[in-house]
Amino acid sequence: MSASTIPATLIPGDGIGPEIVDSVVAVLDALGAPFLWDRQDAGMAGIAVAGDPLPQATLDSIAKTGLALKGPLTTPSGGGYRSVNVRLREAFKLYANVRPARTLVPGGRFDKIDVVLIRENLEGYYVAHEHFIPVGSDPHAVAVSQGVTTREGCRRIVEYAFDYAVKHGRKKVTLVHKANILKAITGLFLEEGRAVAKEYEGRVAVDERIVDACAMQLVMNPWQFDVIVTTNLFGDILSDEIAGLVGGLGMAPGANIGETAAIFEAVHGSAPDIAGKGIANPLALLLAAGLMLAHVGRDDLAARLTTAIDATLNLDLVRTGDLGGKANTKELTAALIARVK
Ligand code: NAI
Ligand code: MG
């Protein structure tokens with residue numbers, strides 16, 4: 001264990017971002033987390049400060065620290081600027097999106113959920129090679145989209161999933177695909193996935209599901225799943241479904257992992273409907289900070305954080321409105337600080 005500090009970029013972000021980031025930083029300080037924060041802007045805040053939703057200073061900071069905790073960023077739908085989240089993934093080649101979902105508040109619709117979804121983060125339909133074909137007077141009469149998957153990209157993400165399973169003592173990896181219909185773009189994922197699975201034979205079991213059946217089985221019997229690995233679009237959809245199994249977006253953290261940088265965030269967005277009201281749940285971002293602690297080798301602090309969150313929710317019964325409680329962000333933060341000290 002080292003007492004030295006670890007430089008890390010901190011992006012407060014938009015909407016509820018600054019509120020939940022303040023809360024998380026206060027809890028991490030009380031915990032004695034080693035991070036030395038370099039605060040940077042992105043999203044609407046980036047436009048306000050630097051005229052760019054992803055300012056160069058922010059990119060430079062992440063390139064230097066290789067580590068960031070990021071609040072949610074507002075992305076205009078349809079027109080407007082390109083998603084900063086997608087740009088960050090591309091800039092730092094953050095190929096693996098890791099979304100663990102564990103039940104922290106028992107008694108919900110599903111109990112004792114413990115599933116990790118690993119999503120390919122750079123390829124598939126999210127490369128968004130898209131265009132419209134005009135017909136007559138309608139410029140948007142036909143829409144065309146091309147997805148891309150590569151053997152190398154498939155291998156990298158499935159290897160990451162199996163390595164993750166080995167490292168975290170997990171028993172099974174499920175490959176999720178739609179190779180019966182999309183024989184090239186997801187068939188390649190399945191082909192390479194099976195090849196990688198062979199290399200882990202005897203250490204980690206492998207299983208396969210077609211994505212639509214998987215979506216149903218996740219609500220019929222989620223306990224059969226352990227680690228799920230899938231392509232970008234399917235992973236986006238299934239990870240929100242899995243977040244729903246454990247009490248919704250307020251409890252879902254995510255890690256974006258590349259070879260030279262890692263960015264940790266909540267799965268939820270900037271929640272403009274409750275921004276500024278002081279009632280946002282900071283736990284998804286706090287859980288992301290827990291993943292960040294484990295990432296830098298401080299499993300001891302990550303474990304203490306998890307214990308404190310569990311005690312705050314289930315012994316002190318301090319919960320925000322989205323979890324059926326009455327606490328505001330400040331009250332929950334104070335309760336967490338009392339528990340981590
Ligand atoms: P959202 O996740 O911001 O909100 C969906 C619903 O969940 C809202 O009712 C909101 O109040 C609630 N909610 C979300 N987080 C919460 C929290 N921590 N505590 C309590 N309630 C919470 O999704 P929405 O409304 O679709 O998107 C809003 C903006 O966020 C959009 O501009 C979108 O592009 C962006 N977004 C950004 C993400 C990121 O930066 N990683 C991820 C998802 C969306
Ligand atoms: Mg999503």
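Is Arg151 buried, partly exposed or exposed? Arg151 is partly exposed, with a relative accessible area of 43%. Here buried means under 20% relative accessible area, exposed means over 50%, and partly exposed lies in between (1.4 Å probe, protein chains only).

This is a predicted model, in which local features need pLDDT of at least 70, side-chain atom pairs count only at pLDDT 80 or more, and totals for chains, interfaces and linings use all residues. Residues are numbered from 1 along each chain as its sequence is written, chains are lettered from A and ligands numbered from 1 in the order in which they are written, and side-chain values use heavy atoms, without hydrogens and water.

The whole structure holds 18 salt bridges. Such a bridge is a side-chain nitrogen of Lys or Arg within 4 Å of a carboxyl oxygen of Asp or Glu.

Start with Arg151 and Glu192. Their closest N and O atoms are 2.8 Å apart. Arg151 sits in helix α5 (residues 151-167) and Glu192 in helix α6 (residues 187-199), 41 residues apart. Helices (H or I, at least four residues) and strands (E, at least two) are DSSP runs, numbered from the N terminus. Glu192 is buried, at 6% relative accessibility. Both residues belong to a salt-bridge network that also includes Arg155, Glu159, Glu191 and Glu199.

Next come Asp226 and Arg170. Their salt bridge spans 2.9 Å, N to O. Asp226 lies in the loop between α7 (211-220) and β10 (227-230), and Arg170 in the loop between α5 and β8 (172-177). Both are buried.

Last, Asp212 bridges to Lys178 at 3.0 Å. Asp212 is in helix α7 and Lys178 in the loop between β8 and α6, so the pair ties together parts 34 residues apart in sequence. Asp212 is partly exposed at 45%, while Lys178 is buried at 17%.
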